Amino acid sequence: MTQTVLLLPGDGIGPEVVWQARRVLEAVDARHDLDLQFTEGDIGGIAVERSGQAYPAATRALANEADAILLGAVGGPQWDDLPAQERPERGLLAIRADLDLFCNLRPALLFPDLIGASSLRAELVSGLDVLIVRELTGGIYFGEPRGVVTREDGIREGFNTDRYDEVEIRRIGRLAFEAAQKRSGRLCSVDKANVLEVTMLWREVMEALSSEYPDVTLSHMYVDNAAMQLVRDPNQFDVLVTGNLFGDILSDIAAMLTGSIGMLPSASLNAQGTGLYEPVHGSAPDIAGDDSANPLATILSAAMLLRFSLDAPEAANEIESAVAVVLEAGFRTADIAERHSPASLIGTQAMGDAVIAALTD
Ligand code: IPM
Ligand code: MG
């Protein structure tokens, strides 16, 4: 049966890295008979340019039909002056909301060969394997009211609303507990319950859920401490669960521990298992078109796509193993190249070639 993968390359380096991931998917398709069919749509700045909308109706229609979606990145300086409502990033938020992709999985896994590229000392990050479960369709990103108004005194005021209801907290909590069950059984819920009421409720709901998962040890941590602990002793964590804004910030920190944000994949899932897969990094406009971006985060996102949305775990494993082989062989894009190391520095396309060659080894 044909499985449709919608490609949304987006802006900046998005098209280059998605192209490499597509080539890798085609190569595993040939080996595993997955019968993949690719469609392509616009999102973000390119969509604003072409149709005036960051998440156009045509893309929406394709997204609702697809079995899985692979996205590159959105945004760039040329759109920085647009009003908030029209910015490319709104396209990403719109597709997350439209498909109800509330569960964002961001694994931070250190490939042993990249230990020297980590921003922390080797003994602190050795063996790092942390999963961040980020709530993605609620919290301050979506809360109303929001806006910038001019008050009666003539002073402008900006405001957003951080809000979660208990149903939203419970559904992300359950997925985080289940993820912890499949791993080492430790779940740390991150909040700011010493100050913010919305996260007092978050903590209460997580605590109540924990009685249903006796095999998981639940702990709580304030977000400021969690940020500190991630750079002090990241191996204390297994699964972290947190809200939208804290998850955005903590996942960038976790990314750097693995050597580069160019290594981190992500999956955004809804209750039906439809998923949108994207690298955690952004559009990197400064290097767009240079054939120097690291495509591995997108290639690893394609592996997650195969595992979570297309039920093809062997094909997913094969891609992840190929990435490990390529790194072990010393191939590096600029972001993961260590100074003074003999590793061979290669571009985006050559990294895609290397992964494909490792698949067919
Ligand atoms: C991410 C990004 C997005 C977010 C932006 C581009 C809207 O930083 O996926 O982490 O804040 O969620
Ligand atoms: Mg982010």
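Student: What distance separates an oxygen atom of ligand 1 from an N or O atom in the side chain of Arg134?

Tutor: A polar contact is a pair of N or O atoms within 3.5 Å. In this predicted model, the Arg134 side chain places an N or O atom 2.8 Å from an oxygen atom of ligand 1. Arg96 also has a side-chain N or O atom 2.8 Å from an oxygen atom of ligand 1, and a polar side-chain atom of Arg106 lies 2.8 Å from a ligand 1 oxygen. Of the 320 Å² of accessible area (Shrake-Rupley method, 1.4 Å probe) that ligand 1 has on its own, the protein covers 78%.

Student: Which residues surround ligand 1?

Tutor: A residue is near a molecule if one of its heavy atoms lies within 4 Å of it. Around ligand 1 stand Glu89, Leu92, Arg96, Arg106, Arg134, Tyr141 and Asp248. Helix 4 (residues 88-98) supplies the largest share of this shell, 3 residues; helices (H or I, at least four residues) and strands (E, at least two) are DSSP runs numbered from the N terminus.

Student: Why does ligand 1 lie between domain 1 and domain 2?

Tutor: Domain bounds come from an automatic or database assignment. Ligand 1 lies between domain 1 (1-105 + 266-361) and domain 2 (129-257) because both give residues to its shell.

Student: What conventions apply to the numbering and the values?

Tutor: Residues are numbered from 1 along each chain as its sequence is written, while chains are lettered from A and ligands numbered from 1 in the order written. Local features need pLDDT of at least 70, side-chain atom pairs count only at pLDDT 80 or more, totals for chains, interfaces and linings use all residues, and side-chain values use heavy atoms, leaving out hydrogens and water.

Note on methods. A polar contact is a pair of N or O atoms within 3.5 Å; within protein, one must be able to donate a hydrogen and the other to accept it, and residues adjacent in sequence count only if both atoms are side-chain atoms.
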